[in-house]
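Please look through the sequence and the structure shown below.

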Amino acid sequence: KSPQHKAHHWMIKVDSMELAANAANLYQRYVLVILWNMMETVDKKKCFSINPGLHECDWYPQARGVEKGSRRPRLSCDSEMRIQTLHLNGCKLKGKIPDELRFLSDLISINFNYNSLEGPIPSRLKKLHNLKFLYLDNNNLKGAVPEEICNMKFQDSLVELRTDCTEAKKDVTCSCCINCAENITDINKPDDLSDRQKGLMQKLRNISGDVAIDDSKSPQHKAHHWMIKVDSMELAANAANLYQRYVLVILWNMMETVDKKKCFSINPGLHECDWYPQARGVEKGSRRPRLSCDSEMRIQTLHLNGCKLKGKIPDELRFLSDLISINFNYNSLEGPIPSRLKKLHNLKFLYLDNNNLKGAVPEEICNMKFQDSLVELRTDCTEAKKDVTCSCCINCAENITDINKPDDLSDRQKGLMQKLRNISGDVAIDDSKSPQHKA
């Protein structure tokens with residue numbers, strides 16, 4: 001019944017590659033077949049498919065020769081056909097982490113989170129000398145992270161390690177994981193911090209305030225810790241991209257979604273404009289991704305609709321002065337809409353509907369609309385969901401119904417209005433709930 005038994009049979013009886021015992025790729029092929037047999041998912045192809053007639057680097061599309069910094073697939077190999085990444089998060093892996101992983105000496109990144117792995121974390125993973133990222137959270141693993149693995153972290157060979165050691169799910173004890181409550185709260189002790197780190201710490205406190213930074217459960221506190229203790233970019237307090245990187249880490253920590261990668265993934269070794277595929281240099285008018293930057297690496301769009309953002313809209317957004325479009329609809333954002341968004345002088349589109357926001361849209365933001373700097377604003381001010389009052393949102397019932405009053409309409413608009421009435425008829429146009437009225 002073991003995945004090793006099934007993999008052993010497949011390698012000997014099924015595999016068309018007919019590897020010799022001394023084949024260079026024997027270990028990695030065998031390990032992948034073990035992992036494939038650990039998957040309980042209905043459609044294993046979503047993760048990878050074993051194929052007896054192909055090299056294992058071709059078991060996942062685009063796995064070969066993945067460039068540094070590109071969006072990593074489930075499985076990737078370097079130009080010499082050695083496996084470098086195994087991202088099997090959410091692949092319904094069941095059982096113990098296979099000890100055989102130790103033979104994949106070229107691995108840089110392992111992501112096994114959101115599976116059903118159980119038992120202890122094997123100490124033999126210490127043999128993965130090139131490993132930089134190890135994600136094992138949201139499983140059923142138990143016990144302590146082996147000292148040998150934490151030593152990899154303390155010696156700076158392992159950059160990032162995550163396990164179930166949080167306050168919400170404390171099945172694992174870990175002295176070196178970035179997501180453990182006891183490790184996160186340590187950040188405010190300035191012992192052993194460099195001058196750069198101390199300067200950065202003070203700058204982030206100035207941005208977010210002491211209350212948010214000192215609250216160990218706040219996204220600002222977690223982002224503050226990540227920027228100072230985890231981030232490989234080692235930004236100085238005066239770095240041009242400090243604000244946008246910090247804000248993105250705050251937003252990432254606000255997401256409750258199971259697979260955050262559907263929105264974007266923070267990576268300490270990459271510029272934040274590479275945290276979402278094809279984010280750089282997005283052409284005007286193209287399909288906007290979750291995150292996009294201009295050619296000078298300044299964030300222009302944040303489209304995190306449906307990313308399960310929870311909490312208040314971060315006031316720190318005001319520092320992203322090059323933002324053109326924000327789409328935060330279909331989340332669980334709450335509280336008021338911050339008036340400081342008025343500082344986003346380049347903002348054209350702001351979508352905040354289908355959240356739990358309350359109160360009135362600040363006058364300063366509506367002034368942006370009336371002054372034609374903000375083109376489109378949507379909030380929960382409709383007849384169906386009237387949690388917000390707004391004098392300038394395009395989807396509010398009172399603003400929509402105003403269209404039939406010809407005051408202040410140009411001759412072109414009046415002509416167009418009459419033409420559309422001729423097309424659809426007065427009944428449909430005058431019904432404020434009809435698609436014709438809204439169109």
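Predicted model: local features only at pLDDT ≥ 70, side-chain atom pairs only at ≥ 80, totals over all residues.

Arg290 belongs to the loop between α8 (242-254) and β11 (291-293). A polar atom of the Arg290 side chain lies 2.6 Å from the backbone oxygen of Asn305.

The loop between α8 and β11 also holds His271. With a relative accessible area of 15%, His271 is buried. A polar atom of the His271 side chain lies 3.0 Å from the backbone nitrogen of Cys273. His271 and Met233 are 38 residues apart in sequence, and their C-alpha atoms are 7.8 Å apart in space.

Charged pairs come next. Side chains of opposite charge can pair when their charged atoms come close. The count for this model comes to 22 salt bridges. One of them joins Lys94 to Glu40, with the closest N and O atoms 3.9 Å apart. Lys94 lies in strand β3 and Glu40 in the loop between α2 (26-38) and β1 (75-77), so this pair ties together parts that are 54 residues apart in sequence. Lys94 is partly exposed, at a relative accessible area of 46%.

In another salt bridge, Arg205 pairs with Asp210, and the closest N and O atoms are 2.8 Å apart. Arg205 counts as buried at 15% relative accessibility, whereas Asp210 is partly exposed, with a relative accessible area of 45%.

Glu272 forms a salt bridge with Arg245, the closest N and O atoms being 2.8 Å apart. Because Glu272 lies in the loop between α8 and β11 and Arg245 in helix α8, the pair ties together parts that are 27 residues apart in sequence. Glu272 counts as buried, at 0% relative accessibility, and Arg245 is buried with a relative accessible area of 0%. Elsewhere, salt bridges that share partners join Asp78, Glu80, Arg82 and Asp106 into one network.

Lys46, Lys92, Lys262 and Lys308 form a positive surface patch. Of these residues, Lys92 is in the loop between β2 (83-87) and β3 (94-96), and its relative accessibility of 47% makes Lys92 partly exposed. A nonpolar surface patch consists of Leu416, Leu420 and Ile423, which together have about 280 Å² of accessible area. Ile423 is part of helix α11 (residues 411-424) and is exposed, with a relative accessible area of 61%.

How values were computed
Residues numbered from 1 in each chain as written. Heavy atoms only, no water. Patch = residues over 30% accessible without salt bridge, like charges linked within 9 Å, V, L, I, M, F, W, Y side chains within 5 Å. Areas by Shrake-Rupley, 256 points an atom, 1.4 Å probe, with all protein chains shown as cover. Salt bridge = Lys/Arg side-chain N within 4 Å of Asp/Glu carboxyl O. Lys, Arg positive; Asp, Glu negative; His and termini not counted. Charge placed at Lys NZ, Arg CZ, Asp CG, Glu CD. Helix = DSSP H or I, 4+ residues; strand = E, 2+ residues; numbered from the N terminus. Buried < 20%, exposed > 50% of the residue type's maximum accessible area, 1.4 Å probe, protein only. Polar contact = N/O pair within 3.5 Å; in protein donor to acceptor, adjacent residues only side chain to side chain.
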